[in-house]
Each structure stands twice: as structure tokens, then as C-alpha cells.
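Dear colleague,

Here is the structure that I promised to pass on to you. My notes on it follow below, with the cut-offs given where each term comes up.

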Amino acid sequence: MIKTIIVDDNHMVVNNLMSHFSENSSIKVVATFNNGEEALNYLLSNSSEVDLILMDILVPGLDGIALLEELKKHEIHKKTIILSSYKDENIIRECSELNVSYYIIKPFSILSLEKRITDIFNCKISTKVEQDNIDLEISQLLHNLGIPSHIRGYKYIRDGIMIIYNNESVSLITKEIYPQIASKYATTPSRVERAIRHAIEVSWIRGDLALMEDLFGFSVSCDKAKPTNSEFLSTIADRIKMDRNIKS
């Protein structure tokens, strides 16, 4: 059993990780923290109860680098994976010098993260930086579907797809996905819903018709019924899963 703590102030990331690993027989989340200072205090008192740290670099109280330096000062050596949207060569180099096992750029696939954890504890990898290309795949697909990146619905759709992709238990878009996205962007679920609906309507006018017919399984035209928000997000998430399974 790999006893793991999560240090991240993004509640959506933490909840998705906890939900996923609750079904895992070899990785157990023993504690979560939304700031580095609380995590440090826990590790100083419970070092023997932790095997792995999953941590963002930019967290309140004590940032990731400072936390790693404090652990080194107290001779607490734990395998660590950084999960961050912050990509800076100097920061990555510092993490490498502080013996971080992996630096993964957000957004990422939880299944990919799970494999990295297994590889680390099986001594199959050395320190490196990884950017899962799932975010690039989503961006390319949305671009081909004619959704402009500057409209609000674009980023809401991206996040919705990632939530569905990473968490198979998510099924209620109104009760689960909209509130998570709204919380992240300090808005309301109803505004999230409207922005996604608007983006789909834009897609129906500007998108690649052949791609839409392939994705949604029926002839596409302006007078045809458009997919619901839920159908749109789920269909794209399923297509990406299928394509990645074929490649693997």
C-alpha cells in the first residue's frame, strides 16, 4: 500500500484524485492539505505514515519549493510528484535538485499519474518532466469543432471533458460538473450551462461537418437537433478515451 498525501488548493483536483484512488487497492490517500505549512506540520509528526507526496508548486502558506527544502533540512525523504500548471525551467530544475521524482503539467490524465506512481515505486523511472498531451488533444478537437478559444464556454467545455475523462463516476452534469466548474471560475452553475450551450451553438455553425457527423452519429445541419451539453461533453470524452486506448 502506497500511503499518499495530497497538497493542493484546487478542490476539484483533490476531489478527483481522492475519488479515483478510493477504488485503488495499492494507493491510499491518507491526508489532504490546501497549504504547504499544514502539510509540513503533518509530515514532521507523521513521517513514517507517508510514502508519497502529490503536490502543486503554488500553494498558500508555504510553497512547494519551500516545503521540499524544509523536508530536506529535517532529513525527511519522500517520493514526490509535482502536479502543476506552472511550467518554468528554473522551478523544474530546483525540483530536480530536491529529488522530485516527476513533474507533471496540469491538466493530466489520472490513469497516467497512477502509472507513474507505480513506476516510481518499481524503480522504473528517474526524475523527468511530463506534459500529458490530453489537453492538446482536447484543444485540437474543439478547434476542429469550430469553438473559438476566447469565449467562456470553451474553457468550461475543456474542464467538463477533463472531469468526465478522469472520473468515470461523474454522471450528473447539473449536480456535479457545473458546480465544480462554477467554483473554479467564481461563477454560477447556470452561467456555466448557458456558456457551454452557446459554445455548442457556435460549433454547429462553424465546425467541421464531417467531424460532427462522425462524433455524434447523425447528419449535421443547422436545422437538426443539437446534442445536449451532457451529450456533447460525454461524447468527446469517450472519443478521446477510445482513441488513446487504440494508440496504447
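**Charges, core and salt bridges**

Glu97 is found in helix H4, which spans residues 89-97, where helices (H or I, at least four residues) and strands (E, at least two) are DSSP runs numbered from the N terminus. This is a predicted model, in which local features need pLDDT of at least 70 and side-chain atom pairs count only at pLDDT 80 or more, while totals for chains, interfaces and linings use all residues. Residues are numbered from 1 along each chain as its sequence is written, and side-chain values use heavy atoms, with hydrogens and water left out.

With a relative accessible area of 56%, Glu97 is exposed (buried means under 20%, exposed over 50%, and partly exposed in between, with a 1.4 Å probe and protein chains only). Together with Asp63, Glu69 and Glu94, Glu97 forms a negative surface patch; patches are made of residues with over 30% relative accessible area and no salt bridge, like charges being joined within 9 Å and nonpolar side chains (Val, Leu, Ile, Met, Phe, Trp, Tyr) within 5 Å. A positive surface patch is formed by Arg152, Lys155, Arg191 and Arg194, and the elements that give two or more residues to this positive patch are H7 and H9. Lys155, which is placed in helix H7, is partly exposed at a relative accessible area of 35%.

The largest nonpolar core has 36 residues, and those with the most contacts inside it are Leu142, Leu145, Ile157 and Ile161; such a core is a set of buried Ala, Val, Leu, Ile, Met, Phe, Trp, Tyr and Cys residues joined through side-chain atoms within 4.5 Å. Helix H7 gives the most to this core, with 8 residues.

A search of the whole structure finds 6 salt bridges, each being a side-chain nitrogen of Lys or Arg within 4 Å of a carboxyl oxygen of Asp or Glu. One of them joins the side chains of Asp56 and Lys106 at 3.3 Å, N to O. Asp56 lies in the loop between strand S3 (52-55) and helix H3 (64-73), and Lys106 in the loop between strand S5 (102-105) and helix H5 (110-121), so the pair ties together parts that are 50 residues apart in sequence. Asp56 is buried at 7% relative accessible area, and Lys106 is buried at 15%.

Within helix H5, Arg116 and Asp119 lie 3 residues apart, about one turn of the helix, and both are buried.

With best regards

Key:
Areas by Shrake-Rupley, 256 points an atom, 1.4 Å probe, with all protein chains shown as cover. Lys, Arg positive; Asp, Glu negative; His and termini not counted. Charge placed at Lys NZ, Arg CZ, Asp CG, Glu CD.
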